[in-house]
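Trainee: Before we look at individual residues, I would like to go through this chain with you, from its overall dimensions down to single side chains.

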Amino acid sequence: MERRLSAILAADVVGYSRLMGSDEAGTLAQLKQLHSEIIERKITEHRGRIVKVTGDGLLAEFPSVVGAVACAVDMQRNIKADSRKLAPERRLEFRMGVNLGDVIVDGEDIYGDGVNVAARLEGVAIPGGIAVSQSVRDQIGNRLELALEDRGELQLKNIEKPIRVYNILLEEPHSGAMPSAKREKPTIAVLPFANMSGDPEQEYFSDGITEDIITDLSKISGLSVMARNTSFSYKGKAVKVQTVGKELGVDFIVEGSVRKAGARVRVTGQLVNSSDGSHIWAERFDRDLTDIFAIQDEITHAIVGQLKVKLLPQEKESIGQAPTENVEAYTYYLRGREFLYRHSKRYYELARRMFVKAVELDANYARAYAGIAHCDAWLYMMYQADIPLQQIFETSAKALALDNNLAEAHTARGVALSAARKFEEANVEFERGLTLDPNSFEAHFLYARPAFQQGKIARAVELLQRAAEINPADYRPPALMIHMIRSLGREEETKAAARKTVELAERELIVNPEDPRPAIAGALALLELGEKDRAKDWTTRAQAIEQEDPVAIYNIACVYSHLGEYDAAFDLLERVIRSGRPFWRDWIENDSDLDPLRNHPRYLQFVALLNERIPQT
């Protein structure tokens, strides 16, 4: 294949899902106007070409680095000027990244590390800003009279070696600048506490401490706290506090470390002003392990005190409550929670064992009961495990009787109620879970499926978009969205979701090669993109890994439906509905992946069998 050295510009809209959720028609109209009046015109002016447009993003190639950077600067300044006529909450802001690198040319498309680095630079650019690599910085020199800010070497996601990154300063700061408007409430991010135990196996403990501090701070109405998944995207990376503050748009950063040795624990914590890196508060705690909850409580109260945030009476009570008095039960719970976040059948089963052990050590441990119910809900819904619904009802009820404010227990109960086709009650439980934890990936993702079952496709898409924002590394939200968005007639977004699914599914297959699901999700996404041969290869791989999982079998039937192999699709669907679960009727009736089958002569025969196995309710 042809290779060449090119300047690559990657761009996409900040907070696109949120903007679409609040005003879909207006956002699309504004994006289309910016493309026609500014973006396409500027790229042409600077002798570039648009390689592809992906919903809210684009990739462009330039023969000259100077041309690429000048174009990015022109676009950002013009977009900002154009947006002044709109209310702040309706303005579109772009992040842009520019890289000089080797690309592989395939027809009109380009691939390779040069493109990948540009895309990652775009991801770390500030809203309305431009991030460039060292190679770009060296090439442009002083030719464009731009000020650049050195952000140091950053380890960009899925890029092997660190890249030195520079911000292009579009507006020079000056002493007479007006102070920025004061935020309604302080914004804060808690970075993963470093594990200083010398044992990688203790990583779950330091991560658990971090998450519990995030949870406690999130309960405080006077603070705005970054979600766990966002904060943990910095795990294991050497980053500057000021850089994190700019990337996340937060005022303050909490960081620290944990050293656990036998019955003793040392925790350090510090609160840092993200604008200048100055330390506001720092403390070291050397205590018995049994004091771990008191340490967390002291850290939370110290942060609240330093930021002069007023605690409501119920917030004081909620933060001060220790989840258990048994530290061994707590360590089992943390281990279970770590397994839960790995999101595969094997790890859900392992997580469940850890939560059961925690309950054995403390029969009144509400979070551990919620953990068991949560695992059962995932296994029942995602893997069709043979778990009695009554078991999920009883375990979630036990958790809620001990603590009614556990989002995961409400979510698990919502899964069980929707499986029992009590949708109105289920929706109440899901909404309660979302209210208690607006940053819960699990609550959004698990709610989306029952919403789809009820024919609430737009709501299901909205939930999945939020799940994807919370955990952008998970392939499942965009994979599920493909056929839903297609049903809504939004073609460009469907293609964008498909491309994102392929990208994320490839990564997941590297991490979990024994899991057939990313291969199947990737196959369906490739079909959406017209890549039938690759889709067949991925499907063959999935079938080689797993031949009994009903969800995998169903999705393979969807692949065959698209490929026109209708008898193979019907044979697989008949295997799926043997379980008799009502879930399958809802999915089969609403899934646009099966539309090619509906006019086939065998479809009426299949519907008769469906009515026999899963009668309408």
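This is a predicted model: local features need pLDDT of at least 70, side-chain atom pairs count only at pLDDT 80 or more; totals for chains, interfaces and linings use all residues.

Trainee: Which residues of helix α8 are buried?

Mentor: Helices here are DSSP runs of H or I with at least four residues, and strands are E runs of at least two, numbered from the N terminus. Helix α8 covers residues 241–248 and is mostly covered, with 6 of its 8 residues buried, and it is followed by G249, whose phi is positive, near 70°. The buried residues in α8 are V241, T243, V244, G245, E247 and L248.

Trainee: What percentage of the residues in the protein chain is buried?

Mentor: The chain is built with 26 helices and 14 strands. Counting contact as heavy atoms within 4.5 Å, residues 24 or more positions apart account for 66% of the contacts with a separation of 6 or more. Of the 617 residues, the buried share is 53%.

Trainee: Which residue has a side chain joined to that of D376 by a polar contact?

Mentor: D376 is placed in helix α13, residues 366–383, and is buried, with a relative accessible area of 0%. Leaving aside neighbours within four places in sequence, D376 is in contact with R352, I387, Q391 and I392. A polar contact is a pair of N or O atoms within 3.5 Å, where within protein one must be able to donate a hydrogen and the other to accept it, and residues adjacent in sequence count only if both atoms are side-chain atoms. At 3.0 Å, the side-chain partner of D376 is Q391.

Trainee: Is E528 buried or exposed?

Mentor: E528 belongs to helix α21, residues 517–528, and a polar contact of 2.8 Å joins its side chain to that of R486. Beyond the neighbours within four places in sequence, the contacts of E528 include I482, T494, K495 and A498. With a relative accessible area of 14%, E528 is buried.

Trainee: What is the relative accessible area of K308?

Mentor: K308 sits in the loop between α9 (292–306) and α10 (313–320), and has a positive phi of about 55° although it is not a glycine. Most residues other than glycine have a negative phi. K308 is exposed, with a relative accessible area of 74%.

Trainee: Where is R47 found?

Mentor: R47 is another residue other than glycine with a positive phi, near 65°. R47 is exposed, with a relative accessible area of 62%. Its place is the loop between α2 (24–45) and β2 (49–54).

Notes. Residues are numbered from 1 along each chain as its sequence is written. Side-chain values use heavy atoms; hydrogens and water are left out. Buried means under 20% relative accessible area, exposed over 50%, partly exposed in between (1.4 Å probe, protein chains only).
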